[in-house]
Amino acid sequence: MPSPFGIRRRIKRLLGIEAKKSAEPEVEPEKITLHILGPKGDEQSVTTYAGSTILGASGQLRHPIASGCSDSTCGTCHVEILEGADNLSEPTARERGTLRESGHPAGQRLSCRTEILKGTVKVKAFELV
Ligand code: FES
């Protein structure tokens, strides 16, 4: 909890025990690129940080992927992976169950649960906002 008026910092400076700044430069988080092919053949792209979900990254676009629950229960956000499947997080049991119950074929993922871990990924979206 920060002290009011920076009192702790002033006391440490007076006592000569101010924390040293790290000599190592800050590492910029890895960037990823997501390409989305829309249902009408239109394509959108976004570059953002690794670890973003496909749905989260698409939220930066003019027409993001449609979603319902954002917790892998409705299946609305399903996408087909066209390129870069190896750059994605593994599907959870819950995601696999929702895809199976919704009747989505193999090769599809729930964009709200699928993280882009590295590189470039291209998906086909079935519904955009
Ligand atoms: S938004 Fe409902 S499963 Fe992704």
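Analyst: Gladly! Let's start with helix 3: its buried residues pack against strand 3 and strand 4 (108–110). Helices (H or I, at least four residues) and strands (E, at least two) are DSSP runs, numbered from the N terminus. This is a predicted model, where local features need pLDDT of at least 70, side-chain atom pairs count only at pLDDT 80 or more, and totals for chains, interfaces and linings use all residues. Residues are numbered from 1 along each chain as its sequence is written, and side-chain values use heavy atoms, leaving out hydrogens and water.

User: Which residues of helix 3 are buried?

Analyst: They are E95, G97, T98 and L99.

User: Why is S89 called buried?

Analyst: Buried means under 20% relative accessible area, exposed over 50%, partly exposed in between (1.4 Å probe, protein chains only). S89 has 13%, so S89 counts as buried. S89 sits in the loop between strand 3 (78–83) and helix 3 (93–102). Beyond four places in sequence, S89 touches R109, R113, T114, E115 and L117, contact being heavy atoms within 4.5 Å.

User: What makes a set of residues a nonpolar core?

Analyst: The members are buried Ala, Val, Leu, Ile, Met, Phe, Trp, Tyr and Cys residues joined through side-chain atoms within 4.5 Å. The largest such core here has 20 residues, and V123 is one of those with the most contacts inside it.
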